[in-house]
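Hi,

Here's the structure I said I'd pass on.

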Amino acid sequence: MKQSILHIALLAGVLGGCASTPRFLPNTEEAAVAIETAIRLEAQKPEGELVVTDLEKVASLTLFRKQITDLTPLTGLKGLKYLYLSDNKIAGVASLTALTRLEFLHLYKNQVKDPAPMSTLKGLKSLNLSRNQITNLSSLADLKKLKKLYLGNNQITDLTPLSGMKGLAELYLS
């Protein structure tokens, strides 16, 4: 299993173009196993090496309460539309920029401070960032397809950056 996890991390790094040193804690072995298990379940490949075509099949991934800190293993999931990562220990979200097909992203109850990397996720329709450590929303202003935005329990003082989001139908602040 460790070798497979390493393969996923290497594939993700190569596909995601990660060349810099990460500024986050690596996943624990338990978190890495949880990620691989979820990917294998969705790819319908319980054994063997996960290759690019397997990773591209994954459209939905649910990883609640898995103590995840590092999202790098997800960068090869190019077909991902639904990603549920609530109640983890995620601080950095830069690895998500490779997931350009994402429509639903749930990062409820994590440690995200800077949502700026999410500005590249132009297809997002629903974004849950409640119970994080966000103060600035300016980077989310270009997410024009966003219909639902959850921001409760952050340190946000200025909602002005959201004023141009004409398609935003639901905004949750508590």
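Start with Leu105: apart from its neighbours within four places in sequence, it is in contact with Leu83, Leu96, Met118, Leu121, Leu124, Ser126, Leu127 and Asn128. Do keep in mind that this is a predicted model.

Leu105 also turns up in the largest nonpolar core, which has 40 residues. Along with Leu61, Leu74, Leu83, Met118 and Leu127, Leu105 is among those that touch the most other members. Helix H2, residues 29–43, gives the most to this core, with five residues. As a general point, nonpolar side chains in soluble globular proteins tend to be buried together.

So what does H2 look like? It has 15 residues, and from first C-alpha to last it reaches 21 Å, close to the 21 Å expected at 1.5 Å a residue.

Now the whole chain. There are three helices and six strands, and along the sequence they run α-α-α-β-β-β-β-β-β. Of the 174 residues, 44% are buried. Among contacts with a separation of 6 or more, 25% are between residues 24 or more positions apart. The chain exposes about 9100 Å², and carbon and sulfur atoms supply 53% of that.

Cheers

Conventions: Residues numbered from 1 in each chain as written. Predicted model: local features only at pLDDT ≥ 70, side-chain atom pairs only at ≥ 80, totals over all residues. Heavy atoms only, no water. Core = buried A, V, L, I, M, F, W, Y, C linked by side-chain atoms within 4.5 Å. Buried < 20%, exposed > 50% of the residue type's maximum accessible area, 1.4 Å probe, protein only. Helix = DSSP H or I, 4+ residues; strand = E, 2+ residues; numbered from the N terminus. Contact = heavy atoms within 4.5 Å. Expected span 1.5 Å × (residues − 1). Areas by Shrake-Rupley, 256 points an atom, 1.4 Å probe, with all protein chains shown as cover.
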